[in-house]
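Morning, everyone. I have one structure to walk through today.

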Amino acid sequence: MWRILIISLIALALIVVVRILFPFPVSPITVAAEPLPGLVIPGINLPITNSLLTTWIAMVLLIGFALWAGRNLKPIPTGKQNAAEMLVEGLYGLVESIAGPKWAPSFFPTVTTIFLFVLVSNWIDLLTPILAAVGFTEHGEIIPILRSPSTDLNFTLGLALISVVLTQYYGIRSNGLLTYLGRFINLKGIVRFFRVLTGKEKGNAFGALFMGLIDFYMGLVEIVSEVAKIISFSFRLFGNIFAGEVLLLVIPFLLSFLVPLPFLGLETFVGLIQAFIFAVLTLAFMSMATVVHGGSEHAERAAATPDNVSV
Amino acid sequence: MQALGISPNLLITQIVNFIILLVVLRLLLYKPVLNMLHSRRQKIQESLEYAERVKAEAAEQQKEFERKLEETRRETQAAAAAAAQVGEKEREAILNQAREDARKLVEQAKEQIEYERKKMMADLRDEVVRLSLLAAQKVIGQSLDDQAHRQLVSEFIAQADQLPANGHNGH
C-alpha cells in the first residue's frame, strides 16, 4: 500500500520535472479535422484526415473484437463468449423492447453498429491529452496524427444521414410509398373541403377548409422535423464530444495533475451516454416510422421517453 | 461547410466506412451470436420438454406399478383364502374319517365283546351241564347213559333259559 503510494508520487514528480524541462507544444483546437500532410488518395481526391485515420482504427478495433469474441461459439459459453453474448443479447433485448419482435431483426444490426462505432469513437476521445501532442509539425503548429471521429462533422453527419435515410426506408417499407408520403404532403383535409363544397359530403365548408389547411401545414412541419433530425443528430454528438475534447485539453493546462481525473470520468460517461442516445433515437425514429399512420401519436408518446434523455 | 470541415468526399467515405463495419460486424458478430443464442434457447426448451415428458412417463409407470402391486396383493389374498378353504375341507374330511374309524373300532370291539360273552355263556352252560351230571351221578350213585342224560339236562337248561325271559316278557 505505502509502496504503491511512494512509487506513484515519484512518477508524478518525474512527470512534473519532464514537463517543466521539456515543454512541448499542443495542437491548436480546430473544428475541422486536419488533413495529414502529403496523404491524399489520388483518384478520388480524398485527403486522409486524422479523424478518418482514427475511424479506420476504430473499425479495426471493432472488427478485431468481433473476430476475437465471435469465433468458436460453443453451446456452453466461457469467458469471452459470455461477454459477446451479454453485449449482443442485451442490445437485442433493448431493440426488441422498443421496436417489437416484428422489426427488431431488421433494426438490430444498424442500431448496434451505430452504438458500438460511436462508443469506440467517443472513448478514443479520452486519449485526447496524449493524441493532441503526437503529430506532424507544419508551420510551427502540431497536426495530431489521431483525432476522435466523433469530433469530425463528416463522421457524425454521415451517421445522421444513414439514420434518417434508413428511417424513411423503413417507413416506406412498412406503410407503402403513398401512405408514407401522405404523412408529409397531407392533402386529405383539403380534398374533404372540396367534397363538402361540391355537396358530395355533408359538413361545414369553412371548418373543413380550416382543418385541411392545418393538416397540410402539419405535414410541412413533419418535413422540417425530418431535416432537423439530421442536424440534431450530427451536432448533438459532435458538440458533446468536441466540447469534451476541448475540456480535456484545457484542464491540464490549468492544473496538470489529479484535477483532470474527474473530467476523464465525466467524459467516459458522456461518451457512453451519447453513443446510447444516438442508437436509441435512431431506433425510436425507425419504430415510429413503421407505425401505421393512425397510431403514430401513440408511437410519438412512446418515443418521447428516450428523447428526454438526450437533453 | 468548409469552415466546419465538411467535404462530400469525406462524408461519403465515412458513410462507406459505416456500411463496411455494419456488414462485417453482422457477419462476424451479430449473426453467429444470435444464432447461438437462438439454438441454445431451442435446446433448453427441448430439454425442458423432454424432462417434462420423462417425468410424466415416470409418474405413469409408478401408477402402473402400484396398480400391479395391488392386483398381486389381491391375488395372493385370494389364493391364501382358497388354500385355507381347501385345508378346512381336508381337515373336515380327515376328522370325519377318524370319527368313522373310531366308530367302526368301537363297533368291532362291541361285537368282539358280545361274541366273547356268548362264547363264555356257552362254555358256562356246558360247565353247568357237566357239573349237574356229576352231581346227579353222585346223588343217584350210578352212572346214567351219558348221552341220554346230557340230552336231558340240555333241554332242562334251555327251558330254564327261557323261563326268566318269559317271566320278563310276562311283566
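One caution before anything else. This is a predicted model. Every value I quote is computed from it.

Start with chain A. It has ten helices and four strands. Along the sequence the order is α-β-β-α-α-α-β-β-α-α-α-α-α-α. The chain has 311 residues, and 41% of them count as buried. Now the contacts in chain A with a separation of 6 or more. Residues 24 or more positions apart account for 69% of those.

Next, the interface with chain B. On the chain A side, 45 residues are in contact, and they meet 30 residues of chain B. Together the two chains bury about 3400 Å². Carbon and sulfur atoms carry 77% of that area.

What about polar links across it? Five residue pairs are in polar contact between chain A and chain B, both residues being at pLDDT 80 or more. Which elements of chain A give two or more residues to the side that touches chain B? They are β2, at 46–49, α2, at 50–70, α3, and α5, at 153–175. The most comes from α3(A), with 14 residues.

Then the charges. The count of salt bridges between chain A and chain B is one. It joins the side chains of B:R40 and A:E85, at 2.7 Å from N to O.

A:Q81 is in helix α3 of chain A, which spans residues 79–124. Is A:Q81 buried or exposed? Its relative accessibility is 4%, so A:Q81 counts as buried, the cut-off being under 20%. Set aside neighbours within four places in sequence. A:Q81 then contacts A:A69, A:N72, A:L73 and A:K74, plus B:M36 and B:R40 from chain B.

On to salt bridges in general. Over all chains, the structure holds eleven. Here is one within chain A. The side chains of A:E34 and A:R147 meet at 3.3 Å, N to O. A:E34 lies in the loop between α1 and β1, and A:R147 in the loop between β4 and α5, so this pair ties together parts 113 residues apart in sequence. Both A:E34 and A:R147 are buried.

Chain B gives us other cases. B:E88 forms a salt bridge with B:R91, with the closest N and O atoms 3.4 Å apart. These two are in helix α1 of chain B, residues 8–140. They are three residues apart, so about one helical turn separates them. B:E88 has 42% relative accessibility and counts as partly exposed. B:R91, at 46%, is partly exposed too.

Further along, the side chains of B:E107 and B:R103 form a salt bridge at 3.3 Å, N to O. Both are in helix α1 of chain B, four residues apart, or about one turn. B:E107 is partly exposed at 41%. B:R103 is partly exposed at 42%. There is also a network in chain B: salt bridges with shared partners join B:E64, B:R67 and B:E71.

Last topic, the rings. A pair of aromatic rings is described by two quantities, the distance of the centres and the angle of the planes. A search of the whole structure gives 16 aromatic pairs over all chains.

Take A:F233 and A:F285. Why is this pair called edge-to-face? The centres are 5.8 Å apart and the planes sit at 85°, over the 60 degrees needed, so edge-to-face it is. The pair links distant parts of the chain. A:F233 is buried, at 1% relative accessible area. A:F285 is buried as well, at 14%.

Compare A:F238 and A:F242. That pair is stacked, at 5.2 Å centre to centre and 15° between the planes. Both lie in helix α8 of chain A, four residues apart, about one turn of the helix.

The charged end of A:K229 sits over its ring, 4.1 Å from the centre. And one group to finish: A:W103, A:F107, A:Y169 and A:Y170 form one aromatic cluster.

That's my tour. Thanks.

How values were computed. Residues are numbered from 1 along each chain as its sequence is written. Chains are lettered from A and ligands numbered from 1 in the order in which they are written. This is a predicted model: local features need pLDDT of at least 70, side-chain atom pairs count only at pLDDT 80 or more; totals for chains, interfaces and linings use all residues. Side-chain values use heavy atoms; hydrogens and water are left out. Rings of Phe, Tyr and Trp (its six-membered ring) pair if their centres lie within 6.5 Å; planes under 30 degrees apart count as stacked, over 60 as edge-to-face and the rest as tilted. Buried means under 20% relative accessible area, exposed over 50%, partly exposed in between (1.4 Å probe, protein chains only). A charge sits over a ring if NZ of Lys or CZ of Arg is within 6 Å of the ring centre and within 35 degrees of the ring normal. Contact means heavy atoms within 4.5 Å. Buried area is the accessible area (1.4 Å probe) that two parts lose on being put together, summed over both. A salt bridge is a side-chain nitrogen of Lys or Arg within 4 Å of a carboxyl oxygen of Asp or Glu. A polar contact is a pair of N or O atoms within 3.5 Å; within protein, one must be able to donate a hydrogen and the other to accept it, and residues adjacent in sequence count only if both atoms are side-chain atoms.
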